Structures are given as structure tokens and as C-alpha cells.
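Grab a pencil and work through these exercises with the model open beside you. Try each task before reading its solution.

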Amino acid sequence: EDDDATFTQPSTSQVQRGLEKLTPAQVDQKTAEVVQYFLVKDQKKMPVRRADLVKHVVKDYRNIYPEILKRAARTFDQVFGLKLVEIDPKNKMYILVNNLETPDKASPVSPSNPKMGLLLAILSVIFMKGGVVRESEYLIWNTLRKLRVDPGEKHEEFGDVRKMVTDEFVRQRYLEYVRIPHTEPIEHEFRWGQRADAEVSKAKILEFMGELHEQDPKTWTQQYRQAHSLPNSSQASTSSSSQR
Amino acid sequence: MCLWLNFEKNCVATLGICTNKTSSILTTEAVNRPFLYPVSKTCFRSRTSARVKMKRSKGGGDEEAPRHNGSAGRRKADQQQSDGDEGGSDIGPADLQDDDNDQGLRREIRSKYRDLISSVQQNREDMLSPSNNKLTEVLEEANKLFKDVRQAREAALDAQLLVVATDLGKEKASQLFSEGTAFDPTAFAEHLLSFMGLNRLEDDEDEQQNTANGYLPQDAWHRLARRAECCFRTAPSFHYMMGSFYAEPPPPKQRIERQRKAPSKEAKRIMPTQLKKMEESQQEATEKEVERILGYLKSYYQDDPTSPISYYEFVIDPSSFSRTVENIFHTSFLIRDGLARMYLDEEKLPCIGEMILLCPSQELIDAFDIKDSIIRPPNTQND
């Protein structure tokens with residue numbers, strides 16, 4: 001993060017001056033490199049840190065960094081139908097989410113990732129329980145066990161389940177697994193991560209609940225209110241961090 | 001030190017206090033609530049024999065006074081009257097200096113605490129209702145009482161009240177959230193299993209424990225994942241459509257090898273395989289070739305002993321000049337070794353024929369009466 005500490009966002013005039021010294025082709029090239037970097041990083045769904053981006057890709061063009069990022073965002077939007085989202089304004093981290101509406105049915109062509117099924121189950125439980133679940137309630141682990149996924153054993157499809165939930169999903173920002181302060185022995189709680197806030201639609205989850213339980217989603221009044229009241233409830237905007 | 005208080009039978013709660021300091025400090029100083037109440041789960045679990053059942057005190061003005069180890073020192077004066085009071089306290093002499101006024105106040109405080117506790121317990125349903133703030137009022141009342149608390153006994157009562165109140169508070173809060181239908185995680189899991197295609201076993205007896213029965217199909221999690229796609233706005237992962245390229249030698253290498261092997265099947269090769277020559281020594285190869293050519297010569301003479309072979313016909317390879325040269329080369333060895341002879345026929349054309357003799361040199365010398373070599377060898381001395 002040292003690079004990021006020393007990286008101060010150049011001013012608009014600095015950017016202007018920087019642009020004048022470069023040819024359009026050069027700027028386009030650098031933009032393309034940034035786009036490609038993001039696309040590859042997104043394969044594993046790991047967020048991109050500004051520090052890494054500047055250090056590995058932008059390099060000498062850091063004086064026009066805001067312009068590069070702006071153009072990259074436009075490329076993502078117009079070419080790929082993706083949205084560049086800043087999920088952590090403090091640490092300057094970015095992810096890519098789909099700009100298109102969620103489909104009614106899964107794509108028949110691309111293969112599905114079973115981990116997403118597990119993630120859906122976990123996110124649903126957390127949401128229905130008000131957004132926070134203490135690990136000590138064993139709610140998450142017990143639900144998984146009922147679904148034949150034992151965190152204590154190696155699962156044939158998911159492998160080390162505990163690690164997947166508390167490490168991989170957390171690094172991808174789908175979940176937050178935070179320590180509850182002043183607890184002895186140390187306890188943790190599960191929350192939705194910033195990526196989940198940006199990618200996952202609470203309304204759709206409630207819809208799914210309704211289908212499963214054969215109930216009207218409105219019967220869960222509290223959750224329904226949460227899912228539909230806030231305009232940003234299902235996705236974060238590009239500039240502000242997600243609301244909880 | 002762990003203090004356990006078990007109040008008389010109409011008090012429901014059991015309270016444990018964990019402190020690191022001796023209780024003498026508790027009794028002489030105003031109790032600092034946060035210090036006194038890290039009421040942790042470990043404390044609740046580790047019940048010790050220090051638990052003392054409350055008994056009605058005999059004499060004194062105390063009604064239903066809870067007794068605990070911490071104030072055993074204070075009650076030394078009453079000890080003869082108490083029965084079953086388990087010993088050991090660290091109370092110093094300072095707390096034994098109570099005057100009657102203070103005692104009265106202590107009793108009053110304790111009594112008020114007990115009233116508060118019982119009101120919370122008995123009016124639980126009422127307090128749970130979101131329409132009033134009775135719980136808050138109780139807590140405010142407790143705060144007022146707490147200002148006058150000086151001893152561990154009152155503090156313990158305060159702690160008990162807090163436990164009861166927070167328990168109620170927690171239930172109130174969860175009730176707030178479950179306005180509308182409550183979310184049942186067990187039912188959720190059951191529905192998910194069905195969604196994923198669980199094949200339940202048809203068995204009435206096992207209906208109770210049907211979570212343990214049946215098996216999930218192979219694609220169970222994929223089914224759920226596909227449903228998840230409808231809820232997630234995940235960016236599709238970027239992959240090259242044709243895959244990436246391998247950094248390995250391409251297959252054509254094998255084809256080249258095959259092409260090389262095919263010509264070797266032919267009897268006459270245009271180019272000899274260099275590898276073969278390198279493996280064997282030059283001499284051996286030459287010898288083999290010479291033998292081979294001798295074989296051809298012999299077989300020709302076997303077929304037709306009378307007809308001479310034209311030398312040119314024998315050595316020339318019409319498709320390869322270099323092969324012709326080799327044939328001449330090897331044939332010359334045959335002649336040198338006397339296994340074949342060369343002569344001119346009627347038309348003065350060279351022919352090649354067999355020699356029967358194995359040791360030609362001596363016979364030839366006798367036949368031609370060669371006394372001296374015409375060509376002087378370079379190293380011989382002059383006579």
C-alpha cells in the first residue's frame with residue numbers, strides 16, 4: 001500500500017497537461033492495458049487495488065490516471081456491458097459487475113459454478129436474519145450441514161468448506177467475516193460483503209424465498225422493506241460505497 | 001474469584017460474577033459497574049462449589065438476605081446463626097463498620113431491586129409489547145438505585161436485574177425483526193434440498209428425520225448455482241474463445257519422422273540415412289556393402305553362369321549418380337580382394353566376373369611370372 005500512500009490523485013489541470021504530451025494512440029493503448037488487467041483479475045473475482053493498478057499497469061501514465069480510469073469505465077460499459085464499481089473508497093478497490101439486468105433463466109451455454117449455489121444459501125440466511133449472523137449461533141454452519149455440507153470434513157465438490165467460506169468468499173468480498181470486539185474467546189459474525197451488496201439483488205433473493213416456501217415475498221415484511229425501499233438496495237453506485 | 005448466587009426459589013435467575021480482585025474492594029468502594037460485570041459465558045459454565053443456597057437469615061433485620069462468600073466476612077457476627085455457610089472470604093475489617101442507618105438503607109435498596117426484578121419477570125408479556133417503554137423505565141429506576149449501591153450484595157442484585165432486563169431486551173429486539181413471518185432456517189434448508197433434487201426415501205417412519213435420508217443428485221449444487229445466476233449481477237469471466245496456446249513443440253515433428261521412414265522401405269535410396277552411417281564405423285559399412293554386392297554378383301552367375309555381366313550394367317544406378325560411384329567403389333574392393341575380376345570382352349567393353357580362387361595374389365604372381373613390382377614403393381631402399 002506504500003505506492004498508494006504516495007499516489008496522490010492528480011488534479012484536472014495536471015491531467016490536461018499530461019494528456020497534451022501524449023498521442024491519442026498512447027492513451028488508448030494504456031486504457032486497453034488497464035481494461036485487460038481488470039478482465040483477467042476478474043476471472044478469480046478478486047478486487048483490484050488502485051495501488052496495484054498504478055504500479056503494474058499505469059506506471060508512467062499515473063499523471064493522467066483519472067482520465068485512463070474514466071476511459072476504461074466507458075469501455076467496460078459500452079463494449080462489455082460491465083460496470084466498474086468502487087467498493088471501498090477508503091482503500092480504493094474496484095470490481096466489475098454486470099451492467100445488464102439479471103436474467104430470468106440461467107444461461108444455457110456457460111457452465112455454472114456450484115460455489116455460487118452455496119453462496120446463495122449463505123447470503124439468503126444472513127439477509128433473512130437481518131444482515132448479521134453470529135458464528136456462535138452456529139446458524140450458518142448448521143444450515144450447511146443440513147444441506148450435506150459439513151465444514152469439518154472435506155467435501156467432494158467444495159473441498160475445504162470452512163476455508164472457502166471464511167477465506168475465499170471473504171477475499172472476493174462476497175462475505176464479511178469480522179471479529180466481534182470485546183469477545184473472549186474470539187467470536188466472529190457474518191455479513192454481506194461489498195461485492196454482494198453490489199452484485200446481489202435482495203429483491204430477487206426474497207423472490208426465491210417466496211418460491212421455495214410457496215409464500216408471497218411480502219409476508220416477510222421487514223426483509224421486503226429492506227429489499228425494495230432503498231434505491232441502492234440491490235447495487236452500489238460507481239462513486240459511493242455500498243449501503244448496509 | 002467466582003461468586004455464585006442462587007436466590008430463593010421464586011427468583012428464577014442465577015447469576016455469576018467473575019472478578020479478579022478480592023471482594024474487600026467491592027465492599028469498601030463504590031462498585032464500578034463495567035468492572036464488575038464482564039459476565040462471560042465461561043463464568044456461567046464453571047460452576048464451583050462456592051455456590052451457596054440462600055437461606056433465610058435468623059435474627060437481624062435481614063429478610064431474605066442473600067448470602068454469598070464475598071460477604072462472609074461481614075457476616076461473621078451472624079455466623080453462629082447461619083447454617084451451612086461455606087467459608088472463606090477475603091473481606092477486610094473495613095466493611096464490618098456498618099451503622100444502623102446504613103443498614104436500613106442497604107435493606108431498602110435490596111428490597112427495591114428485588115421488586116424490580118420480580119416486576120420484570122411477572123410482567124414479561126406486557127414488557128415485550130412494542131407499544132410501551134416499560135423496560136426502559138425499569139432500567140432508569142435501576143440506574144437511580146445504583147447510585148446508592150455500596151456493597152457487593154446490592155451490586156449482585158443489580159447485576160441480576162441487568163441480566164433479566166437484557167434478556168428481555170434481546171427478545172424484544174428479535175421480535176421487532178420478525179414482524180411478519182419469521183424465518184425458519186430449518187424449513188429453508190429442507191426446501192433447498194427439495195429444490196436441488198433430493199431423492200427422499202419413501203419411508204413413513206423416517207419422516208421425522210428425513211434430513212438424514214435420501215441422496216442429492218450429482219448436479220444438485222449446479223441447479224442451485226443456476227438459480228443464483230438469476231439473483232446475481234456477476235460479470236461474466238473473461239476467457240479467450242479459442243483457449244490459450246500451449247508452449248510445447250507442435251505435432252508436425254512426428255510427420256517429418258514418418259516421411260523419412262517411408263523412403264527407407266524402397267530398395268534404392270536417393271539419399272542414405274546419415275544416422276545409420278554414423279552409428280557404424282565407416283569400415284564396417286563398407287565391408288557390408290562389399291559383401292552385399294558380392295552377393296548380387298554370385299546370384300547373377302548362379303542364374304546364368306555363361307553370360308558375362310557388363311561392368312557398366314553392374315555398377316550403374318540410373319537414378320542416382322552417388323550410388324553409382326559407391327557401387328564402383330565397392331566393386332573395386334571385390335577386385336582387390338580377388339573375389340571378382342574385370343576383363344574386356346570382344347567389343348572391348350569391360351565386364352565383371354567371378355573369381356573362384358580365394359587367395360589370388362600368389363597364383364597371379366605365378367601365372368604372370370611377376371618378379372618385381374613395376375611401381376616402386378616409396379619407402380624401399382635402392383639396391
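**Exercise 1: Across the interface**

Find the salt bridge that joins the side chains of E101(A) and R233(B), and give its N to O distance.

Solution. Start with the rule: a salt bridge is a side-chain nitrogen of Lys or Arg within 4 Å of a carboxyl oxygen of Asp or Glu. The N to O distance between E101(A) and R233(B) is 3.9 Å. Next, look across the whole interface of chain A and chain B, where the rule finds two salt bridges. Polar contacts (pairs of N or O atoms within 3.5 Å; within protein, one must be able to donate a hydrogen and the other to accept it, and residues adjacent in sequence count only if both atoms are side-chain atoms) come next. Between the two chains, 13 residue pairs make them, both residues at pLDDT 80 or more.

A quick word on the ground rules: this is a predicted model, where local features need pLDDT of at least 70 and side-chain atom pairs count only at pLDDT 80 or more, while totals for chains, interfaces and linings use all residues. Residues are numbered from 1 along each chain as its sequence is written, chains are lettered from A and ligands numbered from 1 in the order in which they are written, and side-chain values use heavy atoms, leaving out hydrogens and water.

**Exercise 2: Sizing up the contact**

Work out how many residues each chain brings to the contact, and how much area is buried.

Solution. Contact means heavy atoms within 4.5 Å. By that rule, chain A brings 63 residues and chain B brings 46. Buried area is the accessible area (1.4 Å probe) that two parts lose on being put together, summed over both. Here that comes to about 4,800 Å², with carbon and sulfur atoms giving 61% of it. On chain A's side, K146(A), L147(A) and R148(A) supply 14% of the area that chain A buries against chain B, more than any other three residues.

**Exercise 3: A covered helix**

Decide how many residues of α6(A) are buried, and check the helix's span.

Solution. Helices (H or I, at least four residues) and strands (E, at least two) are DSSP runs, numbered from the N terminus. Helix α6 of chain A covers residues 114–128, which is 15 residues. The expected span is 1.5 Å times one less than the number of residues. Now for burial: buried means under 20% relative accessible area, exposed over 50%, partly exposed in between (1.4 Å probe, protein chains only). On that scale, 14 of the 15 residues in α6(A) are buried. Just past the helix, G130(A) takes a positive phi of about 95 degrees.
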